[in-house]
Amino acid sequence: MKGVNRVLGLSMAFVVIFQTIEVLGGRDFYKILGVSRRADTNQIKKAYRKLAKEMHPDKNPDDPTANDRFQDLGTAYETLKDADQRKIYDQGGEEALSKNERGGGGDPFSSFFGGGGSPFDDFFGGGGGRGGEREVPKGANIVIELWVSLEELYVGNFVEMTHNKPVMKPAKGTRRCNCRQEMVTRSLGPGRFQMTQQEVCDDCPNVKFVSEEHSLEVEIEPGMMDGMEHKFHSEGEPHMDGDSGDLILQIRTYPNQLFERRGDDLYTNVTITLVDALQGFEMDIEHLDGHKVHVSREKITWPGARIRKKGEGMPNYENNNLFGTMYITFDVSFPKGQLSEKDKQQLSQILQQDPISEVYNGLGGYKAGTS
């Protein structure tokens with residue numbers, strides 16, 4: 001009987017332990033995004049974009065939990081897309097993230113002495129991250145323009161590129177490194193000292209730089225704009241005594257023959273005949289992803305008339321569920337042939353429009369009929 005009680009006691013203990021771990025661990029961000037723990041950043045971003053469209057509260061008005069689930073999705077994405085945050089989460093779940101945000105696990109003296117580490121650092125030369133540590137030198141950043149099409153900025157894309165990077169390799173001999181200025185004290189006699197500053201260097205193994213080809217994958221996210229950047233850490237110019245700089249890709253957009261982008265809006269021009277302008281028309285405009293935008297007019301369309309098609313612009317970068325507006329401006333193509341006197345009379349009878357010959361300052365902002 002004692003053995004049975006012992007087994008039951010251990011079982012209950014394990015249940016309590018597992019429940020405690022589950023509570024401390026919090027939400028499973030990988031499960032929320034539907035990706036494995038080995039998923040890379042691109043897979044995480046693709047999963048988020050897909051689920052964000054499906055789970056957006058506007059698309060699930062009858063689901064009372066839609067807003068909470070959408071917020072969970074956003075929290076999971078913001079955590080796992082950041083390498084540092086993801087590492088903390090993988091080690092200790094949401095509890096570790098919360099501790100990190102609160103500054104948990106730091107020096108117990110920090111709350112009493114302004115977060116600068118131990119109060120004895122100044123006496124015993126400890127840096128505590130304030131003045132004792134020298135800043136690690138870093139190589140220069142490389143900035144490159146990445147030209148993409150408007151179609152890619154509408155639907156998104158992955159671009160593979162190769163980058164020749166100088167890589168440090170061992171070489172024969174030694175070199176001076178980690179050079180720094182230090183104070184040196186010299187004795188000039190009993191009770192007399194002199195402090196001077198001199199350069200002190202270390203002897204380090206010699207190195208050489210060899211160019212290596214690195215393959216990089218760049219994600220063109222829907223809604224990105226000119227000037228936005230992709231940063232690849234440590235892919236820039238190397239530094240012999242420090243860290244390499246970063247490779248920064250700046251987005252630039254090729255001109256498009258059909259559309260002009262301004263913010264999240266698209267602008268285009270359509271030329272119609274004078275007959276269509278007078279009697280109305282229907283037409284389809286092929287969008288950047290191939291879908292058709294239907295346009296119809298029953299009223300008279302004058303040259304320069306503009307209509308708006310809401311939701312047919314570019315996707316918003318922050319929220320791909322939102323789209324800008326497409327503005328369509330109409331040009332009217334007049335016939336080049338000559339009209340007979342009979343045709344002119346019939347046209348006048350049909351239009352029933354009196355002659356107008358009013359002169360006004362259009363560039364100055366005046367309009368016809370305001371004089």
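Before you start: the model is predicted, so local features need pLDDT of at least 70 and side-chain atom pairs count only at pLDDT 80 or more, while totals for chains, interfaces and linings use all residues. Residues are numbered from 1 along each chain as its sequence is written, and side-chain values use heavy atoms, with hydrogens and water left out.

**Exercise 1.** Work out how the rings of Phe29 and Tyr89 are arranged, and which aromatic cluster they belong to.

*Solution.* 
Step 1: Grab the rule. Rings of Phe, Tyr and Trp (its six-membered ring) pair if their centres lie within 6.5 Å; planes under 30 degrees apart count as stacked, over 60 as edge-to-face and the rest as tilted. By this rule you get 7 aromatic pairs.

Step 2: Apply it. The centres of Phe29 and Tyr89 are 4.6 Å apart and the planes sit at 15 degrees, so this pair is stacked.

Step 3: Place the residues. Phe29 belongs to helix α2 (residues 29-33) and Tyr89 to helix α5 (residues 83-102), so the pair ties together parts 60 residues apart in sequence. Helices here are DSSP runs of H or I with at least four residues, strands are runs of E with at least two, and both are numbered from the N terminus.

Step 4: Look for another partner. Tyr30 and Tyr89 make a tilted pair, 6.1 Å centre to centre with 45 degrees between the planes. Put together, Phe29, Tyr30 and Tyr89 form one aromatic cluster.

**Exercise 2.** Decide whether Tyr30 is buried or exposed, then do it for Tyr89.

*Solution.* 
Step 1: Buried means under 20% relative accessible area, exposed over 50%, and partly exposed in between (1.4 Å probe, protein chains only).

Step 2: Tyr30 has a relative accessible area of 3%, so Tyr30 is buried. Tyr89 comes out at 5%, so Tyr89 is buried too.
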